[in-house]
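These are my notebook entries on what I looked up in the structure, taken in the order in which I went through it.

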Amino acid sequence: MIPTRRTLLAALAAVGTLASLTACAGGSAASGAAGGTYAFWDPYPQFDAASAWGKRVSRCGTETGVTLKRTAYDTTDLGNKALLAAQQGNAPDVMLVDNPVVSTLVEAGILNKTSDLGLDTKSIQQNIIGAGAVDGAAYGVPIGANTLGLYYNKKVLSAAGVDPASVKDWSSLTAALQKVKSAGKKGITFSAIGTEEGSFQFLPWFWGAGGDLTELNSAKGVAALSLWKQWVDDGLAPKDVLQNTQTTSWQEFATGDYAFGENGTWQLGNADKAGFDYGVISIPAQNGGSAPVPTGGEFVTVPVQKDTARYDVTKKIVACLTSDANLLASDTTLTYVAPVAAVQAEQVKQNPKLKPWVAAVAAARGRTSGGLGTKYPTISQPLWTAVQAALSGGKSAQSALDTAQAGAQKG
Amino acid sequence: MTLARVDRPRRAAAAKAAALDALPLRRRRRRRSRLTALAFVAPLIAYLAAFYLYPLYRNLDLSLRDYTVRSFVSGDAPFTGWDNFRTVLDDPTFGPALRHTLVFTFVSIAFQYVVGLALAVFFNRHFRLAPTLRALFLIPWLLPLIVSASTWSWMFNSESGVVDYALHVVGVDPVGWLTSPDWALTSVIVANIWIGIPFNLVILYSGLQNVPAELYEAAALDGAGAWQQFRRITFPLLRPVSAITLLLGLVYTLKVFDLIWIMSKGGPGDASSTLATWSYRLGFGTLLPRFGPGAAVGNILILIALVFGLLYIRVQRRQEA
């Protein structure tokens, strides 16, 4: 008994020493960089430390004289991780979040106003920074913007005798889809999944009919949902849009069987790999013209810290990440549209295919804009549920949206 | 300790002589042994407290307070009693979610158990290749759930799924397995049954190993057929094993979340949402988390599992008595 206990004690002591040794080692490594370590979170797990994005982040740390420790989370996970970290008092110094999450984090009181930090946001397009503004104050700097458009397959359209330029409103689009269907090909694919993605994809049609998010069951909202429902019921869009994420919807379009695919700026890189000629038009509004599309893309935000002395360095890091030169490089990597006109012009010069997207982003609307803020999530969830209920044939468009409106009003 | 005393009877006399002195010593020794016992139990208690009691307490606390994102961070959410539970019970999603949970659980378990038992009896006949085939049946269990669930969801795809293709070959109209509100629940149940069969097979098969072979010989001599042997010997002797299989299956199935979430996200609409997926959706599925109601649904789920657990203990006691 006694010898064992002694061994145990010795072992414990040994482990303790080892632990403190490694702790010391960790400490000295951290203090190796002059200014200490700053934490940086982003929703791009697809980029590792060796990627262009990963290198750019660490270079911004080096330039400001600190070590920038980058952690990448899944985008749906990042908001909750941020809330938890803030609750534990260890929020990161800089955090890149999806724009509709900004208002939630502001509501939680964990983000600094950009004006309080003294960051310059004058050159940024109003509608893009508006997606991260609450009560008129911006709480982050957009790293770039993306939005939705209609990709079309040139071969399928010409085989069906459809001129893409003829698609100007909903009726001409539906007519085009019918022509494609009778030519033996498939019409259009999009994502109507029961998550935020489903609402994101539905909004251009909802807004294109003149719909108002505070009144989901208005005649205009019903018209938009009826359009989608009619497509699915008539076989112009596949039933599995109900399961499609934007990625699987893209994969369907990439099979080459579909005439149209509603998808985002970020698929441009994949479109070149798809192996067929494609074009992009803006999503038409009900009675012609371009429909307002929702803004996508992330914001560089600065979570509140106890130690306010850190903000000086943090500010430099943000300025570095959002400098024109870096925006150009980052947005090229992410296939985003830059939030600054000067950089957009440079992007279009490098890649003329971005031109329709720059126009679309200029007409885009923030989901949480218009004073909705944290009301948006309580509207979005009933909305995607209504889309699912109507498209699956469980309910009519009107009754699905009536239920949604009742749910949204309850909050 | 007792053994040592028996081994050394000569010392007993001396010990008796010193009995008066030994009394406080023995008490001291007893106290020390109690401390030692405590020290041995302490890691377990610490583990249980850290990983079971505290999360349970936190979950209860979450469900009894009005947590907004702001009060979640600042930690000053007001106590609201049963408000979250009332919100959840009044929600139009509650009825369907509860019904789906019960249908999902009981239909899954019934099929898993019956098929698992049939396969166990089948493999118990020790024919050639039986071990290989039995190992093959374990595959659903070995595959990561994300793989099997994604595969099922592809197979059930309404555009290019192999299931609809097979139906088409035999001349049946395609079914929107995961896209029709009438079929979505059925689809996730089918996938869950497939995943749960190996578990039932393994436990029931090992239970069968404990049924003495003589019983079957005796029954055969008395002229009992295969069905009678199963009904009068196999099934009654498997009863304790069956009970634990069913209970474990029940607890596992009640809380199935990942499979449904991967295959259908609880949709279309709410057509395949259960209490587990609903709880997740409330807590994490939207941009604005509602931790309170989410935790309340989770607690209701725990309560349901607890009721069945108690039921099991009661049945087991009656069997033993």
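**Entry 1: a helix pair in chain B**

I began with helix α11 (residues 184–208) of chain B and helix α14 (residues 239–254) of chain B, whose axes come within 10 Å and cross at roughly 155°. The axes are lines fitted to C-alpha atoms, for helices over the stretch in contact, and the angles run from 0 to 180 degrees between N-to-C directions. Helices (H or I, at least four residues) and strands (E, at least two) are DSSP runs, numbered from the N terminus. I noted that α11(B) and α14(B) are therefore roughly antiparallel to each other, with angles under 35 degrees counting as roughly parallel, over 145 as roughly antiparallel, 65 to 115 as roughly perpendicular and the rest as oblique. The crossing of α11(B) and α14(B) is right-handed; a crossing has that hand if the near helix is turned clockwise from the far one by less than a right angle, and is left-handed if anticlockwise.

Which residues meet between α11(B) and α14(B)? From α11(B) I listed Asn192(B), Gly196(B), Phe199(B), Asn200(B), Ile203(B), Leu204(B) and Gly207(B), and from α14(B) Val241(B), Thr245(B), Gly249(B) and Thr253(B). Contact here requires C-beta atoms, placed from the backbone, to lie within 7 Å. By class, the contact of α11(B) with α14(B) has 4 nonpolar, 7 polar and no charged residues, where Ala, Val, Leu, Ile, Met, Phe, Trp, Tyr, Cys and Pro count as nonpolar, Asp, Glu, Lys and Arg as charged, and the others, Gly among them, as polar.

**Entry 2: how the model is to be read**

This is a predicted model, in which local features need pLDDT of at least 70 and side-chain atom pairs count only at pLDDT 80 or more, while totals for chains, interfaces and linings use all residues. Residues are numbered from 1 along each chain as its sequence is written, and chains are lettered from A and ligands numbered from 1 in the order in which they are written.

**Entry 3: α12 of chain B**

For burial, 20 or more other C-beta atoms must lie within 10 Å of a residue's own, 12 or fewer make it exposed, and in between it is partly exposed, with C-beta atoms placed from the backbone. Just after α12(B), Gly223(B) takes a positive phi of about 90°.

The axes of α12(B) and helix α13 (residues 226–237) of chain B come within 11 Å and cross at roughly 140°, and this crossing is right-handed. Leu215(B), Tyr216(B) and Ala219(B) in α12(B) meet Gln229(B), Arg232(B) and Ile233(B) in α13(B), and by class this contact has 4 nonpolar, 1 polar and 1 charged residues.

**Entry 4: the contact between the chains**

The contact takes 25 residues from chain B and 32 residues from chain A. On the side of chain B that touches chain A, helix α4 (residues 69–74) of chain B gives the largest share, 4 residues, and by class that side has 11 nonpolar, 10 polar and 4 charged residues.

**Entry 5: chain A and its sheet**

An open sheet of 5 strands has the order β2-β1-β3-β11-β6 (chain A), with mixed pairing; strands pair if DSSP finds at least two bridges between them. At the edges stand β2 (67–72) and β6 (141–142) of chain A, each with a single partner strand, so one side of each is left without a neighbour in the sheet.

Is strand β3 (residues 94–98) of chain A largely enclosed or in the open? I found 4 of its 5 residues buried, so β3(A) is largely enclosed by the rest of the structure. Strand β1 (residues 37–42) of chain A runs parallel to β3(A), joined by 2 bridges, and Trp41(A) stands opposite Met95(A) in β3(A). With strand β11 (residues 298–301) of chain A, β3(A) pairs in the antiparallel sense over 4 bridges; Met95(A) stands opposite Thr301(A) in β11(A).

Technical notes
Contact = placed C-beta atoms within 7 Å.
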